[in-house]
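Hi,

Here is the structure I promised to pass on. Have a look, and my notes follow below.

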Amino acid sequence: MNRTSIITLVVLGAILVYFLTFGAEGTRKLQAGFYRVMSPFLSSGSGIKKQLTSVSTGLQTLEELEKDNASLKVENRSLKATNQALRDVEHEVNRLRRALAYRERALFRLVPAEVIARDSSTWWRTISINRGKADGIEPDQAVVTDEGVVGKTATVGDNITIVLLISDENCKVACSIEGSREQGIVSGERVTGSITPMLDLNFLSKQANLNPSAKVYTSGVGGVFPSGLLVGTIQSFRVRELDSQARVTPAVDLSHLEDVFVVTGRK
Amino acid sequence: MIFFVVLLILTFLAQIVEFFIPPLDWMYDARIYIVPVIVFYGAMSLPFPAVMGLAFFAGFMLDALTAQVLGNRVEISVGWSILLYAVLAAIMHGLRPLFIKGRWEVHCIMSGVCTSAIVLAQYLMISFRRGSLFFNREAWWQIAGPGIIAILIAPLAFWILHWLAGLTRNPYRPDRDAYDAYDAYP
């Protein structure tokens, strides 16, 4: 080994030691800075991907278009019929909303954000969104859609934020179950091989006896997730030696996220 | 030197492209990694200091993009991927005489093995941090899958990179003409 190689190894070793001594705050700053550099590339890549996807999905054969046209005509007639009924429902919903002062009760300041990239690694489940400190986002804030919980913010840059998805093993959410006094912790799986990841609801009592299809909501314990947000639906339940565990299907389709909201506080 | 810069740029671009490549659901969500293939080609075609530079760059990007900061702890500290890349690239660099003699197939296979080794090392590290270790079918596929894909894409990637190496007059080209240049390289 020549002298240059030895010097290279010494320099690399010194840099490694320096990096390995980084704490959480240092890593967060480094990561936020690096994502700031990467965000224009990720945003451009996201745009290109969307264009490519729309082109590939837009290309249809004549036969497919005829089939689509026929089914749309049927759907149109059906929609016209239901539209009138929905007007009545809408009126009723508005009335109930006013009555319950829904807006006053509902409560969260939401920052809309667009998903610009998904994590490229095997073992972590995160997404990057196009909002950051400049929009009032901080670490450990809940991220939701109108369907339910998506995850929580982790590293926050000026205009980009990494969101830890609820399907990640490290994202733990205190939950309560509809129609039950049981409380548990929902977390993702370390390894999942399916498009729709499942969640584990742990630390339930052995007597829980939960019904499949019961809904799971955030309990508000822990402070990150406000209470009452839909997490998912129980798919199966099993009693273990010391406690019981349920499998939960996430309420949100995490594999096709496009727009999310960050809960930045209460109104 | 020009080829080294070319590889740095390609590594950067590949890292961005990886963000937009969806996992392969028919392979238990195994992912496609392009960066290791480029780095391991560099390990065979660049002098040792440049190999370490490339390994540092790739490892740093991987760490900076994937480090999980949870409250006051970091799951895998920045630096581990640099170490991984540096060790594996050094091993590949040790096989360089075969590459220079034109035995590229060994390196295609080794690129796959090393790619899987990176994913396996990450899995072992997070398992250690999370306090439990298990291997199910999905885990094995997600470890072996990227390696298999790397083996499959390596010949094409190596052919393109070899062409670029020729274009930039990199002296470590895997052909017999370059062998003299290799011997003469300081």
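Let me start with one pair: Val156(A) has Thr161(A) in E5(A) as its bridge partner. Strands here are DSSP E runs of at least two residues and helices H or I runs of at least four, numbered from the N terminus; two strands count as paired if DSSP finds at least two bridges between them. This is a predicted model, where local features need pLDDT of at least 70, side-chain atom pairs count only at pLDDT 80 or more, and totals for chains, interfaces and linings use all residues. Residues are numbered from 1 along each chain as its sequence is written, with chains lettered from A and ligands numbered from 1 in the order in which they are written.

Back to E5(A). Four bridges join E4(A) to E5(A), running antiparallel, and a hairpin of four residues connects the two.

Five of the five residues of E5(A) are buried (20 or more other C-beta atoms within 10 Å of their own, C-beta atoms being placed from the backbone), so the strand is largely enclosed by the rest of the structure. Thr161(A), Val163(A) and Leu165(A) cover one side, Ile162(A) and Leu164(A) the other.

Zooming out, six strands of chain A close into an antiparallel barrel, in the order E1-E2-E5-E4-E3-E12.

As for the contact between chains (C-beta atoms, placed from the backbone, within 7 Å), 34 residues come from chain A and 38 from chain B. On the chain A side, H2(A) gives the most, with 10 residues.

Cheers

Terms used: Contact = placed C-beta atoms within 7 Å. Buried ≥ 20, exposed ≤ 12 C-beta atoms within 10 Å, placed from the backbone.
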